[in-house]
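I opened my notebook to record, step by step, what I looked up in this structure.

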Amino acid sequence: MDNLMFAKKIIRFRRRLEKNKIFFDITASLLIGGASLVVSYSALSINDKMLAATEVSALPHISIGSRARVDNETHKYVEEELFLLNSGAPLSNLDWKTKTFIVVESASLQRPYILLPVNGYYFVQFSTSNVVGELSSKLGHDNMQKFASFYNDVLEYNNLHSNPLDYYFVRILTISKVEYVNRLGQRGTVYFRDSTKISEKSAQPLWGYETIGRMQDIDNLRFNELKAAVSIPSALMLDELP
């Protein structure tokens with residue numbers, strides 16, 4: 001009797017297994033499919049990270065610095081030079097352009113900053129054959145000394161006027177556009193304000209500005225001419241610097 005009951009249990013168990021065979025097959029397929037998706041996603045993620053690492057390793061790291069020359073007789077800084085560096089991957093087809101402006105600030109102006117293009121502050125460029133390290137430099141003849149003389153004229157004007165609203169403050173600002181090709185053959189462009197990297201959007205108001213009329217000449221800067229230049233409608237006016 002016991003054997004008969006045991007046999008019936010075995011038969012009922014086998015029938016349940018046969019009924020649930022489809023369920024087990026589907027469950028197994030889902031588990032295997034899910035595992036395959038996880039493996040595929042992991043492989044794709046690893047490939048993306050490897051590709052990103054490869055692209056980063058192919059990118060140059062561009063920076064701009066400056067150095068000044070001291071006059072041996074006066075022991076004063078008289079000349080400033082910009083230089084372009086690459087501390088990343090090698091590059092080719094380098095093209096470095098600059099635009100230099102006098103930034104004028106005064107409470108009497110329509111906007112906080114008016115920028116006047118300057119001609120000749122950096123007038124010569126020297127390029128090396130390097131693909132890393134120092135790539136190029138821009139030099140102006142006694143440019144610091146010439147601007148310092150003009151700056152003193154502005155201070156003298158301020159000292160002669162007791163009304164602070166009529167004071168003027170000036171400085172030099174240089175925008176750089178650096179284009180290159182990296183070792184993957186991709187073109188790249190970076191912008192700088194002096195030695196600070198900035199976005200293309202920030203640089204565009206200055207870089208895209210087209211001079212109307214005569215530019216300020218570093219060799220013949222005159223404060224009266226500057227006052228007249230900041231009043232013309234076509235002057236470049238900004239609420240803030242990039």
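Is Gln 216 buried or exposed? I looked up its relative accessibility, which is 7%, so Gln 216 counts as buried, the cut-off for that word being under 20% relative accessible area. I note here that the model is predicted, and I keep that in mind for every entry below.

**Entry on Gln 216.** I found Gln 216 in strand β10, which covers residues 216-217. Setting aside residues up to four places away in sequence, I listed what Gln 216 touches: Leu 116, Pro 117, Val 118 and Asn 119, and also Leu 221, Glu 225, Leu 226 and Ala 229.

**Entry on the whole chain.** I then stepped back and noted that the protein chain has five helices and 11 strands. Of its 242 residues, 32% count as buried. When I looked at contacts with a separation of 6 or more, I saw that residues 24 or more positions apart account for 65% of them.

**Entry on Glu 80.** Glu 80 and Gly 140 are 60 residues apart along the chain, yet I read a separation of 6.7 Å between their C-alpha atoms. Leaving aside neighbours within four places in sequence, the contacts of Glu 80 include Ser 66, Arg 67 and Ala 68, as well as Tyr 121, Lys 138, Gly 140 and Met 144.

**Entry on the largest pocket.** How much space lies in the largest pocket? I wrote down about 220 Å³. The residues that line this pocket are Thr 74, Lys 76, Tyr 77, Val 78, Tyr 121, Met 144, Gln 145, Phe 147, Ala 148 and Asn 152. Both β2 (77-86) and α3 (143-159) supply at least two residues of the lining, and the largest share, five residues, comes from α3. Sorted by class, the lining has six nonpolar, three polar and one charged residues.

**Entry on aromatic rings.** I counted six aromatic pairs. One of them joins Tyr 157 and Tyr 168, an edge-to-face pair with 5.9 Å from centre to centre and 70° between the planes. Tyr 157 lies in helix α3 and Tyr 168 in the loop between α3 and β7 (169-182), so this pair ties together parts that are 11 residues apart in sequence. I checked both residues for burial: Tyr 157 is buried at a relative accessible area of 13%, and Tyr 168 is buried at 6%.

Since Phe 223 lies in helix α5 (residues 223-229) and Tyr 157 in helix α3, the pair ties together parts that are 66 residues apart in sequence. Phe 223 is buried, as is Tyr 157. I also noted that Phe 147, Phe 150 and Tyr 151 form one aromatic cluster, and that Phe 147 belongs to the lining of the largest pocket as well.

**Entry on charges over rings.** Which ring does the charged end of Lys 99 sit over? I found that of Trp 207, with the charged end 5.2 Å from the ring centre. In a further case, the charged end of Lys 138 sits over the ring of Trp 96, 5.1 Å from its centre, and Lys 138 is also one of the contacts of Glu 80.

Terms used
Residues numbered from 1 in each chain as written. Predicted model: local features only at pLDDT ≥ 70, side-chain atom pairs only at ≥ 80, totals over all residues. Heavy atoms only, no water. 1 Å grid on protein atoms, 1.4 Å probe; cavity = no way out; pocket = protein on both sides within 12 Å on 5 of 7 lines; lining within 4 Å. Points joined across faces, edges and corners; volume = space filled by probe spheres on them. Helix = DSSP H or I, 4+ residues; strand = E, 2+ residues; numbered from the N terminus. Nonpolar A, V, L, I, M, F, W, Y, C, P; charged D, E, K, R; others polar. Phe/Tyr/Trp six-rings, centres within 6.5 Å; stacked < 30°, edge-to-face > 60°. Buried < 20%, exposed > 50% of the residue type's maximum accessible area, 1.4 Å probe, protein only. Lys NZ or Arg CZ within 6 Å of the ring centre and 35° of its normal. Contact = heavy atoms within 4.5 Å.
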